[in-house]
Amino acid sequence: MTAAKVLDVEDLHVSYAGSSRTPLPVVRGVGFSLRRGEVLGLVGESGAGKTATALALLGLLPPGARVSGSVRLLGTELVGLPVRDLARLRGRRIAMVFQDPLAAFNPAQHIGDQIAEALRIHQRPQSARELARGRARELLEGVGVPDPSRIARSYPHELSGGLRQRAMIAMAIANDPDVIVADEPTSALDATVQAQVLDALENARRATGAALLLVSHDLGVIAGAADRVAVMYAGRIVETAPVDALFARPRMPYTLGLLGSVPRLDAAVALTPIPGGPPAPGSAGPGCSFAPRCPLATEACRAGEPEPAGSEGHLAACVRQDALAGRAAADLFPASAPLRRTSPGGAPLLRVAGLTKSFPLPGSSGFRLRRKPAEVRLALEGVDLEVRRGETVALVGESGSGKTSTLMEIIALGAPESGTVEIAGYDTSVLSRADARRLRGSVQILVQDPMASLDPRMRVADIVAEPLHAQRVPKETIAARVPELLRRVGLDVQDAERRPHQFSGGQRQRIALARALAVRPELLLLDEPVSALDVSVQAGILDLLRRLRDERGPACLFVTHDLAVVRQIADRVVVMYGGRTVESGPVTDVFGSPRHPYTRALLSAVPLPDPAAERARARIVLPGEPPGAGERSTGCRFRGRCAVYTALGEERRRCERETPATNGAGPPGEHTSACHFPYDAKGVPARLRPEPEEHPPVR
Amino acid sequence: MVGRLSKRLAHGALLLLFAVFLSYVISSAALSPRAYFEDRQPRPSAATVDHELALLGTDDRTPVLERFGHWSWRAVHGDLGRTVDGGSVNAEFGRRIGVSTRLLLVGTLVGTGLGVLAGLWAAVRRHRLPDRALTVFSFLVLSVPTFVLALLFKEGALWFNQSAGHTVIRYTGERTPGLTGSLATHLKDRAAHLALPAATVALGAVASYSRYQRGATLDVLGSDHLRTAQAKGLTPGRALLRHGLRTSLIPLTTFFSFGFLTLFTGAVFTEEIFGWPGMGSWFMDSAQKGDINSVVAVNLFAAVTVLLAGFVADVLHAVLDPRVRTR
């Protein structure tokens with residue numbers, strides 16, 4: 001690689017003002033360079049200093065942050081440059097794509113005008129507003145936005161996340177920048193949309209020839225998009241390498257552990273959670289900041305912070321990198337046993353059939369003189385699922401597909417709008433008070449954000465004991481059970497006296513789990529329980545959930561958007577699309593030979609944390625946007641994005657008129673799908689097979 | 001959006017009816033025009049008092065709902081009744097409405113405008129001298145009741161005029177009676193009279209709006225979209241003016257509809273103290289006399305202006321924020 005350097009960062013330090021006037025260092029001596037057309041992936045867990053580094057490049061850190069070191073953009077030193085001069089470079093030579101495109105756009109201005117402004121700021125003299133608007137539409141078209149004229153006249157809140165992020169990319173490349181900094185550009189998006197956005201980013205980068213700094217916590221995204229990778233830990237870059245070398249032969253124990261804790265879609269593997277957590281800013285010792293968690297650490301590691309060393313562009317800040325050679329993650333870190341996939345075959349515990357749920361549109365309810373029938377949006381249009389005793393069932397789908405609504409309908413223990421919910425043999429629509437009370441104890445829920453679900457003023461012991469009090473368990477029994485519960489979820493007994501804010505995210509999720517387990521539930525509902533956690537922490541929680549399952553704990557219904565997590569933890573999987581169950585069955589069957597075209601697309605959208613496999617993989621990029629809650633529809637809701645439907649001839653009428661029923665009838669729990677033309681085990685769509693004789697008549 | 005706003009207007013009309021009804025019933029219960037007539041010297045006969053009360057439609061022997069029915073019937077036909085002194089409420093209303101509207105309008109505009117500017121300035125200079133000074137000023141003003149503020153102003157003006165040797169600041173009435181001269185002279189005279197009462201009404205508004213605007217601006221200063229504006233190449237100052245100001249005004253519109261009520265209450269005392277013949281001083285006088293019809297008329301005015309302020313706030317909200325415009 002001999003392209004010219006466009007960005008050169010040396011010894012960059014960033015510190016925020018701490019509460020006690022001592023500056024908290026969040027970036028400590030970061031250095032890297034970017035050549036024209038190159039993609040550098042910057043990975044690390046939360047708090048590693050990735051975003052602070054990215055913002056420091058453009059001088060966009062919040063007031064109170066102190067920056068030192070050097071950032072040279074095309075030879076111009078940016079650190080210490082007056083704001084006026086910096087503003088002239090921002091957006092023109094170096095541009096940024098932010099994580100949350102809804103918050104990053106001005107809510108009160110048309111998208112097209114915001115892009116046009118990015119152009120006109122840097123024009124002397126400024127071109128006519130109309131001319132800039134026309135160019136904005138071209139830019140939107142360039143990032144693959146359908147109907148750019150309409151999108152340009154839309155406000156940010158009127159667009160989906162994927163469209164917004166592509167518009168953000170269009171704005172970033174408006175002035176042909178030399179460097180694009182993208183900070184977690186796809187973290188807030190669904191996997192299927194993530195693929196679209198990453199494509200748009202790659203095309204935009206090619207079109208402008210810019211260098212890209214891609215900041216992400218997602219090793220799968222990095223594996224597919226980056227040429228080189230820099231791994232950050234506790235404010236420092238601990239390893240830099242070409243992407244293949246980094247994933248194949250990491251030289252820093254942290255990188256190895258990180259790679260080992262990423263769940264993979266292609267195989268259920270033993271994950272290696274890294275014990276402990278990163279040091280808080282400012283508390284790093286004199287030595288290597290990873291040494292306290294590192295199984296290879298020696299006295300030399302604790303003596304001083306190691307400098308990056310290595311060869312062939314593969315540098316690691318580790319004095320023990322030779323000792324690491326040839327070792328796998330499982331050799332270093334305590335690995336969890338892979339999931340023993342047994343078929344529990346227990347009695348059905350939860351049965352949901354034909355469940356629907358609608359919400360009134362805002363403004364259609366409330367006081368009015370003449371009652372009009374309320375306009376509604378259907379969140380659930382027919383959900384079928386079953387959970388048997390002792391098994392873990394994953395409920396997957398894009399955001400807005402109705403996963404959380406399904407959980408809420410189950411835990412409401414009430415009468416659904418239509419359809420049935422049966423728990424342990426009780427139909428929830430006709431529960432007596434006593435039965436409802438009993439069931440309430442036997443169904444527990446764990447939500448995504450543990451901090452929001454834990455009362456900050458209560459001690460952990462009281463939090464865990466609360467459901468027991470509600471069930472009127474005697475005080476002595478409670479006193480004995482709390483320590484036992486804390487041990488069971490991997491917390492110390494002493495933690496009982498502390499309060500939630502004193503714990504990390506992963507530990508808080510453990511507290512919430514202890515609370516859920518306190519009343520010995522039969523069914524545990526989990527709503528994205530690991531989505532907010534870093535992978536090394538996530539691996540620990542997944543391991544815990546798996547042990548619970550092996551100990552014959554509660555049956556679990558696990559809502560997640562992350563299919564790799566499903567592979568790690570679930571026995572069976574239920575796929576939802578637009579409020580309906582479209583496919584369900586054992587994980588190995590559904591992932592091995594998906595029948596519904598949507599399931600195939602969903603699976604293909606998951607990036608693999610393996611550069612070679614990721615590059616070789618064929619991706620099905622779904623056109624269009626995931627549907628939200630919609631109006632009552634006829635036929636298949638997926639057909640607008642379906643490749644099979646597009647290829648069909650006259651038969652497509654069936655997809656338009658008939659709502660596909662679940663087929664593949666067999667014993668409950670077997671592989672079924674709701675598609676008129678499903679794929680067979682060899683991955684061939686049914687339409688290419690000879691038509692069966694008893695074809696149902698088209699109505 | 002037009003549909004939504006007309007719905008709001010219809011709701012407003014309902015609220016107005018309710019407010020007028022309540023004010024009629026409450027003032028009928030609290031005020032006693034009978035006592036006012038009986039206290040006259042020489043004391044009129046019981047029959048005379050009954051006759052006067054019947055003429056006013058405020059005879060306390062008739063059930064209050066029936067009285068309200070008669071009153072509303074006349075009100076619908078454009079007649080707000082008679083005052084205890086025998087004059088027409090309509091005529092009094094007409095004389096006073098302009099005075100109060102001028103004071104409220106100038107007070108609101110100056111108060112809101114200066115409040116927003118001061119809040120913006122304080123947010124940009126956060127934790128520095130201007131911000132701290134404004135904070136102290138705001139809390140001082142907010143903790144002093146309007147009538148104390150008005151009296152302080154009046155005393156100050158008196159002292160100032162005495163030390164200057166001639167009248168520089170006018171503090172009584174809305175204009176100099178019997179003034180002759182060109183339009184410019186009249187305008188100057190009005191402005192001189194307006195300065196102190198308007199300042200009294202506006203000062204409270206400046207204090208509270210500046211606190212809200214400061215908070216709203218600080219939220220916007222830390223927002224992602226302002227950072228994006230800088231990433232596009234705008235300097236921080238220009239980013240705030242072009243993208244931050246408008247979004248920071250959105251939460252203020254809601255506050256505006258509530259804040260107007262406080263401002264209105266302040267104006268009532270201000271009129272009384274500075275001797276302005278407006279709605280506020282009429283309210284004070286007629287409440288003392290037990291003049292139910294006049295009190296209800298002032299309440300009608302208050303209800304209309306407050307609901308109107310709420311409607312203006314709704315329109316402003318929709319203009320500023322496209323997110324509420326849907327449907």
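Tutor: A quick definition before we start: helices (H or I, at least four residues) and strands (E, at least two) are DSSP runs, numbered from the N terminus. Keep in mind that this is a predicted model.

Let's begin with A:Leu413, which lies in the loop of chain A between α15 (403–411) and β16 (418–423). Its phi is near 50°, a positive value even though the residue isn't a glycine. That's worth a look, as most residues other than glycine have a negative phi. How exposed is A:Leu413? It has 18 C-beta neighbours inside 10 Å, so it counts as partly exposed.

Now hop back along chain A to the loop between α7 (161–172) and β7 (179–183), where you'll find A:Asp176. This residue isn't a glycine either, and its phi is positive, about 50°. A:Asp176 counts as exposed because it has 12 C-beta neighbours inside 10 Å, and 12 or fewer is the cut-off for that label.

Most peptide bonds are trans. The bond joining A:Arg124 and A:Pro125, though, is cis, with omega about -10°. A:Pro125 sits in the loop between α4 (111–121) and α5 (129–142) of chain A. Over in chain B, the peptide bond from B:Gln41 to B:Pro42 is cis too, with omega near -10°. To find B:Pro42, go to the loop between α2 (33–38) and α3 (46–56) of chain B.

How values were computed: Residues numbered from 1 in each chain as written. Chains lettered and ligands numbered in written order. Predicted model: local features only at pLDDT ≥ 70, side-chain atom pairs only at ≥ 80, totals over all residues. Buried ≥ 20, exposed ≤ 12 C-beta atoms within 10 Å, placed from the backbone.
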